[in-house]
Each structure stands twice: as structure tokens, then as C-alpha cells.
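Please look over the sequence and the structure shown here before reading the briefing.

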Amino acid sequence: MAVSEHRISGRRALVSLKVVAARPITESPAARYVWAVARIALGWVFFWAFLDKAFGLGHETPAGKGWIDGGSPTEGFLAHAPKGPLAGFYNDLAGLAWADWLFMLGLAGIGAALMLGIGIRLAAGAGAVLLVMMWAAVLPPENNPFMDDHLVYALLAVGLALVSAGDTLGLGRWWAGTPLVRRLPFLK
């Protein structure tokens, strides 16, 4: 609290002023809900990719070619789409069982964590790495010298972690209070 001395009509008066700092815009209710909806939307992008590749739902993965039907979730893209300086590296990963498992567990885990609002820091970090790797597989991007949706989504994922987006419309506050997360805060 600040105190200021002023002269009013020849008399001295003490005036107290309460200085209140403005709340950051990310703490406003509207901003919290926008970040929460963005978190759920990005989570759905990851989780839908998992579902489509796992079950061959006919969107990007044809029916009968899903992971449960013996198809490889990495082979189609990594064998044919990569271009640029890292194409050989990505071509060599195509269809490898460990790459399929890691990719599918990543899609499911990142998607579920983001939609539920738990483990946002870990999900955002893993999601950003996965997205940057997908961006790096097709350098340069088709419609821009360097920027594409993978980098935008990666930045969004990092932003979600920075503003604790799991606390609104999610289980983030509950998750942060669990003994495990209190002991290992990077899981928040």
C-alpha cells in the first residue's frame, strides 16, 4: 500500500492508495477456457490419429489395414513421404516393430493426457518432440519455406504446459495434488 501526503485547502491530509497489479491475461476466465478448449482439441488430434491407425477407421488408414489387422502405423508414411536431408533416416524406421509401438503409445498417451488435463508438461514435451520429428521428415514443407502445422501444434503444446491448461475443464488440479505428482512435479 502506498501512502501519499497532499495539501488540501492549506491543511495536510494523508491519502492512502492501494496499488493492485493487473492479473495476467492468461488468468482471465475467458483465456482459461480458450486454452482448455485448445488443449482438448489438440488432444483429440493425437487421439484420433491413434484410433484411426489402430483400427483402420477409413480416414487416413484404410479399413482392414489398421494395426490390429497386422498393418504398420509407421510404414506407409515413413517409407514413402519423407524427403529432404533426413529422408534416409526416416525410411529406415518404416515398419519397425519398436517404432510402431513407440509411435502408437505416444499418440494414445499424449492424446489422453491432453484431453484429460493430466501430465500436461510431459505430454506437451513429448508431443512437441513428436511433432517436430514429423515436420523434419518432410523438409522443406510443401506450402512454406519452413513453417507448417506441425510446428504450430508444437508451439501450442508448449503454451498449454506453460499456462497450466489442464486445470480448467480437466483433472489438472486434482492430478497436481496427488502424492506422486507432489513428489515428481515434472509429471504435472
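Helices (H or I, at least four residues) and strands (E, at least two) are DSSP runs, numbered from the N terminus. This is a predicted model, in which local features need pLDDT of at least 70 and side-chain atom pairs count only at pLDDT 80 or more, while totals for chains, interfaces and linings use all residues. Residues are numbered from 1 along each chain as its sequence is written, and side-chain values use heavy atoms, with hydrogens and water left out.

**Overall fold**

- The chain has eight helices and two strands, and from the N terminus on its elements run β-β-α-α-α-α-α-α-α-α.
- Of the 188 residues of the chain, 34% count as buried, that is, under 20% relative accessible area with a 1.4 Å probe and protein chains only.

**Helices H5 and H6**

- Helix H5 (residues 120-136) and helix H6 (residues 149-162) pack with their axes 8 Å apart, at an angle of about 170°, the axes being lines fitted to C-alpha atoms over the stretch in contact and angles running from 0 to 180 degrees between N-to-C directions.
- That angle makes H5 roughly antiparallel to H6, a term for angles over 145 degrees.
- In contact (heavy atoms within 4.5 Å), residues of H5 including Ile120, Ala124, Leu131 and Trp135 meet residues of H6 including His150, Tyr153, Ala157 and Leu160.
- By class, this contact of H5 with H6 has 14 nonpolar, one polar and one charged residues, where Ala, Val, Leu, Ile, Met, Phe, Trp, Tyr, Cys and Pro count as nonpolar, Asp, Glu, Lys and Arg as charged, and the others, Gly among them, as polar.

**Largest pocket**

- On a 1 Å grid over the protein atoms alone, a pocket is an open set of points with protein on both sides within 12 Å along at least five of seven lines, a cavity is a set where a 1.4 Å probe fits but cannot get out, and lining residues have an atom within 4 Å of a point.
- The largest pocket has a volume of about 1100 Å³, and among its 37 lining residues Lys53, Phe77, Phe103, Leu107 and Met134 lie nearest its centre.
- The largest share of this lining, seven residues, comes from H4, and the lining divides into 25 nonpolar, seven polar and five charged residues.

**Largest cavity**

- A search of the whole structure finds one cavity of 30 Å³ or more, and about 80 Å³ of space lies in the largest cavity.
- H5 and helix H7 (172-176) each supply at least two residues of the lining of the largest cavity, which includes Ile120, Arg121, Gly172 and Trp175.

Technical notes:
Parallel < 35°, antiparallel > 145°, perpendicular 65-115°, else oblique. Points joined across faces, edges and corners; volume = space filled by probe spheres on them. Buried < 20%, exposed > 50% of the residue type's maximum accessible area, 1.4 Å probe, protein only.
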